[in-house]
Amino acid sequence: MNELKASEQQNSKAKILFQALIDRDQTKILSLSGQDIRDELTKNPNKLHIVFDSLPDYVAENPEIILTAKAIETSYGNVTKIGYKYVYPNQTIVFSVVFGGYDGGDKVVGFWVQEAQ
């Protein structure tokens with residue numbers, strides 16, 4: 001069975017996007033995100049503040065990829081979901097990014113942050 005790998009472009013985009021979230025840089029977050037995310041965050045800016053409130057103020061070193069999966073989303077068709085685990089002294093954050101397509105492209109069509117249990 002072939003293990004699905006994240007592309008360098010996907011890892012790079014996810015790293016930059018996570019840094020923008022840590023920096024609370026809304027302009028950069030919007031510029032890295034697909035149109036649907038930009039529209040949603042423009043309509044509901046509180047969604048970003050909820051994310052900001054759940055994050056520490058720096059990026060933990062060397063995140064581990066804990067999930068790579070191909071899926072079909074109703075709105076976007078084929079997508080690749082990648083989960084990055086960032087370990088902090090008092091918490092562990094899972095940053096999940098959804099990229100359009102199966103081909104290693106770096107168009108971000110979704111992302112979320114959650115505390116690992």
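Is Ser96 buried or exposed? Ser96 is buried, with a relative accessible area of 6% (buried means under 20%, exposed over 50% and partly exposed in between, with a 1.4 Å probe and protein chains only).

## Basis of the model

This is a predicted model, in which local features need pLDDT of at least 70, side-chain atom pairs count only at pLDDT 80 or more, and totals for chains, interfaces and linings use all residues. Residues are numbered from 1 along each chain as its sequence is written, and side-chain values use heavy atoms, with hydrogens and water left out.

## Ser96 and strand S3

Ser96 belongs to strand S3 (residues 92-100); strands (E, at least two residues) and helices (H or I, at least four) are DSSP runs numbered from the N terminus. Of the 9 residues of S3, 7 are buried. Beyond its neighbours within four places in sequence, Ser96 contacts Ile82, Gly83, Gly110, Phe111 and Trp112 (contact: heavy atoms within 4.5 Å).

S3 runs antiparallel to strand S2 (residues 77-87), joined by 9 bridges, and the two form a hairpin with 4 residues between them. Thr92 is the bridge partner of Val87. S3 also pairs with S4 in the antiparallel sense over 7 bridges (pairing requires at least two DSSP bridges), and Ile93 stands opposite Glu115 in S4.

## Lining of the largest pocket

The lining of the largest pocket includes Gly110, Phe111 and Trp112. Helix H3 (35-43), helix H4 (46-54) and strand S4 (108-115) each give two or more residues to this lining. A pocket is an open set of points on a 1 Å grid over the protein atoms alone, where a 1.4 Å probe fits, with protein on both sides within 12 Å along at least five of seven lines; lining residues have an atom within 4 Å of a point.
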